[in-house]
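Me: I'd like to learn how to read a ligand site in a model like this one. Could you walk me through it?

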Amino acid sequence: MYTEIIGTLDGQEKRFAIVVSRFNDFITARLLEGALDCFTRHGGDGKNITVVRVPGSFEIPPIAAKLAKTGRYDAVICLGAIIRGATPHFEYVAAEAAKGVAQAALASGVPVIFGILTTETIEQAVERAGTKSGNKGWDAMISALEMADLSKKI
Ligand code: INI
């Protein structure tokens, strides 16, 4: 015999903040749509969502950390799109975004969800923003629902 704690996917009474980058907005706008659609289709109420826009993915972690620390949200969802292109900038932005999101969650004890695409090409980003590979914004919201419930139960 064992005890198992399972997170449910119920959006009722859940309050989330979503931090979304303006950089590559043609992708991040789709991720946001996916996340919001997922929330309402799991019983969530749009008035319990706060959206905060930041310039680029590099700026997501400090704002996510501040939002998490307020204690007002059951989870914070981070949405961005980092596309390699031809510059080494990608490596720095992607590494800091990933590290920073993890740190925001650990420091606050509030689930902070990594919904930031890191892709080689624009095509790969498009595939993950509502075309052939689904919508990673939707997936990020599923993770937020599960983690928020788990977090409450533990
Ligand atoms: N920001 C992104 O969100 N995605 C990218 O692909 C990207 N690239 O490739 O440069 C990017 N850069 C901007 C960065 O996030 C900061 O906003 C900027 O450096 C100011 O601090």
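Reply: Happy to! Let's begin with polar contacts: a polar contact is a pair of N or O atoms within 3.5 Å. Keep in mind that this model is predicted. Here, an N or O atom in the side chain of His-89 is 3.5 Å from an oxygen atom of the ligand.

Me: How much of the ligand's exposed area does the protein bury?

Reply: The ligand taken alone exposes 460 Å², and the protein buries 76% of that.

Me: And how do I read the shell around the ligand?

Reply: Start with the residues, then ask where they come from. Among those surrounding the ligand are Ser-21, Gly-56, Ser-57, Glu-59 and Ala-81. Sorted by class, the shell has six nonpolar, five polar and one charged residues. Strand 3 gives the largest share, three residues.

Me: How does one look for empty space in a protein?

Reply: Rolling a probe the size of a water molecule over the atoms shows where empty space is left. In this model the ligand sits in the largest pocket. Strand 3 (75–83) and helix 3 (89–108) are the elements that give two or more residues to the shell around the ligand.

Me: What is the volume of the largest pocket, and which residues are closest to its centre?

Reply: The largest pocket holds about 260 Å³ of space. It is lined by 15 residues, of which Phe-23, Ile-82, Ile-83, His-89 and Val-93 are the closest to its centre. By class, the lining has eight nonpolar, five polar and two charged residues.

Key: Residues are numbered from 1 along each chain as its sequence is written. This is a predicted model: local features need pLDDT of at least 70, side-chain atom pairs count only at pLDDT 80 or more; totals for chains, interfaces and linings use all residues. Side-chain values use heavy atoms; hydrogens and water are left out. A residue is near a molecule or strand if one of its heavy atoms lies within 4 Å of it. A polar contact is a pair of N or O atoms within 3.5 Å; within protein, one must be able to donate a hydrogen and the other to accept it, and residues adjacent in sequence count only if both atoms are side-chain atoms. Accessible areas come from the Shrake-Rupley method with a 1.4 Å probe; for residues, only the protein chains shown count as cover. On a 1 Å grid over the protein atoms alone, a cavity is a set of points where a 1.4 Å probe fits but cannot get out, and a pocket is an open set with protein on both sides within 12 Å along at least five of seven lines; lining residues have an atom within 4 Å of a point. A molecule sits in a cavity or pocket if more than half of its atoms lie within 2 Å of its grid points. Helices (H or I, at least four residues) and strands (E, at least two) are DSSP runs, numbered from the N terminus. Ala, Val, Leu, Ile, Met, Phe, Trp, Tyr, Cys and Pro count as nonpolar, Asp, Glu, Lys and Arg as charged, and the others, Gly among them, as polar. Grid points are joined across faces, edges and corners, and a volume is the space filled by probe spheres set on the points.
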